[in-house]
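Welcome! Take a moment to turn the model around on your screen, and then read on.

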Amino acid sequence: MKKTTYTLTDHIKLLLASNKWYLEKIQDATTETYQKKIFCVAVICNAWAALEGFINYVASITRFAKGLKQYEEDLLQEKEWKLNGKGIFEVGTHYYPTTKRLLFLLHRFSSVDTKKLKQSELWSDIKRAEDTRNIVVHPKEDIEERDISVKNAEFVDKTSRATIVYLKKNVLKSKYPIL
C-alpha cells in the first residue's frame, strides 16, 4: 500500500475546509443538538490547530533567516537545552504557548509593534479564542454550555483565520495564496 503524505499547508487547508463543513452542518435544521455540540468542539479544535500549524509553517521558513541567534533558531524549532543528571547538555523539545510564538514571529520578522498589538481588538480576540480552546481541550471543571456554543465555535474559527491572514501579511508579506 502506497503511503500518502500531505504537506503542512495541505493539512491546514483540510482543517479549515472541514470547519466550513461542520459550520454548515451546525446550521442544518435536521442536525441534532448533541451533534451540533460535537461539531462545535471540532470547529474550535480544528481552528486552533490550523493556527498552530500555520505558526509552525512560518517558523519552518523563518528559521533559515540570516542573523538568527542560536536560541532564536532553537525556539523556532521548539528545541530546548537541558543539563542532565550527569552534567551534560541534552536537546529536548519545548512547546511554547501559541500566543508567545506568534508574538515572537511578529516581533522578530515584521515591523508590527507587538506592544500595540497586545492592546488591539485582534489580540483580545486571539486571547479569548485561546481561552475557549483551552476550556475545550484542557477542561479543569464543568464546561459551561456557552463555552461550546455555535457562537464560540464561529468566533474561534473567524479569529484563527484572521490571525493566519495577519501573520501571512506581516511576516511572509505574501500576496500569493498559501492557504
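Here is a short tour, from the whole chain down to one residue.

This is a predicted model, where local features need pLDDT of at least 70 and side-chain atom pairs count only at pLDDT 80 or more, while totals for chains, interfaces and linings use all residues. Residues are numbered from 1 along each chain as its sequence is written, and side-chain values use heavy atoms, with hydrogens and water left out.

**The whole chain**
- The protein chain has seven helices and two strands; helices (H or I, at least four residues) and strands (E, at least two) are DSSP runs numbered from the N terminus.
- Along the sequence, the pattern reads α-α-α-β-β-α-α-α-α.
- Of the 179 residues in the protein chain, 40% are buried; buried means under 20% relative accessible area, exposed over 50% and partly exposed in between, using a 1.4 Å probe and protein chains only.

**Helix α1**
- Helix α1 (residues 8–27) has 20 residues that should span 28 Å at 1.5 Å a residue, and its end C-alpha atoms are 29 Å apart, which agrees; the expected span is 1.5 Å times one less than the number of residues.
- Buried residues in α1 include Leu15, Leu16 and Leu23, and what covers the buried residues of α1 includes α2 and α7.

**Helices α2 and α7**
- The axes of α2 (residues 33–62) and α7 (residues 150–172) come within 7 Å and cross at roughly 10°; axes are lines fitted to C-alpha atoms, for helices over the stretch in contact, with angles from 0 to 180 degrees between N-to-C directions.
- That makes α2 roughly parallel to α7, a label for angles under 35 degrees.
- The residues of this contact divide into 19 nonpolar, four polar and two charged; Ala, Val, Leu, Ile, Met, Phe, Trp, Tyr, Cys and Pro count as nonpolar, Asp, Glu, Lys and Arg as charged, and the others, Gly among them, as polar.

**Helix α6 and arginine 133**
- The buried residues of α6 (residues 121–137) pack against α2, α4 (98–109), α5 (114–117) and α7.
- Arginine 133 is found in helix α6 and is buried, with a relative accessible area of 16%.
- Not counting residues up to four places away in sequence, arginine 133 touches Ile44, Trp48, Glu52 and His138; contact means heavy atoms within 4.5 Å.
- Polar contacts join the side chain of arginine 133 to those of asparagine 134, at 2.8 Å, and histidine 138, at 3.4 Å; such a contact is a pair of N or O atoms within 3.5 Å, and within protein one must be able to donate a hydrogen and the other to accept it, with residues adjacent in sequence counting only if both atoms are side-chain atoms.

How values were computed. Angles under 35 degrees count as roughly parallel, over 145 as roughly antiparallel, 65 to 115 as roughly perpendicular and the rest as oblique.
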